[in-house]
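Please keep the sequence and the structure at hand while reading.

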Amino acid sequence: MIFSLSLAMVFSCFSASGETPPPSPALEAKLTALREVKVDAGAITSVQRDASGKRIVVKLVLNPAKESNIKVEVWLPDSDNWNGCFLGLGNGGAAGKINPGGLSSMSGQGYAVATTDMGTAPNPDSGIGNPEVWKDFGYRATHLMTVVGKQITKAHFGRDPEYSYFSGGSTGGQQALQEAQRYPEDYDGIAAAVAAHCRTPLHAYFLWNEQILQTCPFSKEQDASVIAAANEHMASREIPVVAGKFVSDPRCTAQDIEAVIALARKKDASLTDAHAAALRKLFAGPRHAVTGERLFNGVPFGSSILASHGHLYLFNWVFGADKKMTEINFGDDMDTYTSKLAPYLNAENPDLSAFEKRGGKLIMTLGTADSVVPYHASMDYYERVIAHFGGSLDKVRSFFQFYIVPGLAHGGGPGINQPPNLLEAVRAWRETGVAPTSLLGRHAEENGKGKTVWDMPLYPYPTRTGWNATTSSFEPMEGPRGGVDRIAERFRPAAAE
């Protein structure tokens, strides 16, 4: 009894200090075995029990090429808590670091989970003039993370995962679609939220907006006036519970753009002729300065103009750190930028036949109020996937569903600001074979962080959420297909290794 009490006191001291208790002989043997795992083109740098005592953390560095340096972490739950699944987690922005919060949360739910810094540490400047970093960021780091993550998982648990899943948003959505297109055997199910898969055209949009806003700035109040005008103008096309609050379908015409600009100026006298000219360009989106070809679409109605620029590091990668963004043109410079980066970064291949044949399931979402990763490119990508499968929407829906989320921004938003749990949905679909017929989105206080105010069912594109006035309830209704300009094919070149 005295021994037991003393041991408890020892562990209490370790817990209070935040240090990891000393491993038992059995645990030490497991840690040693993991340290001895041989990794292709890399090395394990650390294997430790974490401070909670509930998981093992394995850190690795991978060097598939001389100028490549990819960091990976694999977090392993205790054997009794493992759900039998491997999970790859995506990153955000330019990556360059590993988020321990996601690893901790998902390993706590029983997953053997891995993520990567995508090879861009310590900051985006690592990619300046370095094609190996371009490849790592575009596709290679995520695939190699997956390979080594499964290897570590098998070494620890003594068997392969029963299922492997990938979950990511924004840049993580780019990673998700690269996996489905380039490495269809890596994952059984993929959740791609607000997917930045049309990468180089997206950053051309950022640059286009940056140059416009440098010349003609908008205040927060002016931005809010333009959003309010779009909400009001589009209200007649919305179901009653949405009308005037946010835009659930931002597809629009040139006449709509002029009407929103006029209404915004009526609401806000500080919006000048220069602001009106800027808004026409922002809503129209970038085109090639010489050929007029579509580079990307414009800022969606009802979304923030002020959130639609920045993120210009890709241009530094091509033109150098000293290049002024105002000097980059949308002619020859855009051709150079595209030819160097697009074959590595873009995930635009509509041929998902290998992923479909192996039984893979994919869910992709985009929010209508998102001006950071607008919906247009993903909607068009889904249409191109349908075309690749002979025009059969039913065939594509049997393995790939796309959801347009009304009023969701790039985090939070005026409409649905608590999006559905895509990982749970794709996992249930893959393991039961039953496709979801709808997902549930919520609007919560405090921009999605507080109490739920209302919820709304979401239906796979092109079905949209309608309203039954008789029963005062939501119901599915068929929506329009397409309706966005297609980015010119030469700005979406074939993938390269």
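In which helix does glutamate 446 lie? Glutamate 446 belongs to helix α16, which covers residues 445-448. The model described here is predicted, and the points below are grouped by topic.

**Backbone features**

- Most residues other than glycine have a negative phi, and most peptide bonds are trans.
- Glutamate 446 has a positive phi, near 55°, although it is not a glycine.
- Methionine 118, also a residue other than glycine, has a positive phi near 65°, and it is placed in the loop between β5 and α4.
- A cis peptide bond, with omega near 0°, leads from alanine 121 to proline 122; proline 122 sits in the loop between β5 (112-116) and α4 (131-157).
- The bond from tyrosine 461 to proline 462 is cis, with omega near 5°, and proline 462 is located in the loop between β11 (452-458) and β12 (463-468).

**Exposure**

- Glutamate 446 counts as exposed because its relative accessibility is 61%, over the 50% cut-off.
- Methionine 118 is buried, at 0% relative accessibility.

**Surroundings of serine 303**

- Serine 303 occupies the loop between α9 (273-284) and α10 (313-319) and is buried, with a relative accessible area of 4%.
- Its side chain reaches the backbone oxygen of proline 300 at 2.7 Å.
- Beyond residues up to four places away in sequence, serine 303 touches Asp223, Ile227, Ala369, Asp370 and Ser371.

**Surroundings of leucine 440**

- Leucine 440 is part of strand β10 (residues 439-444) and is partly exposed, at 34% relative accessibility.
- Apart from neighbours within four places in sequence, leucine 440 contacts residues including Pro419, Asp455 and Pro457.

Note on methods
Residues numbered from 1 in each chain as written. Predicted model: local features only at pLDDT ≥ 70, side-chain atom pairs only at ≥ 80, totals over all residues. Heavy atoms only, no water. Helix = DSSP H or I, 4+ residues; strand = E, 2+ residues; numbered from the N terminus. Buried < 20%, exposed > 50% of the residue type's maximum accessible area, 1.4 Å probe, protein only. Contact = heavy atoms within 4.5 Å. Polar contact = N/O pair within 3.5 Å; in protein donor to acceptor, adjacent residues only side chain to side chain.
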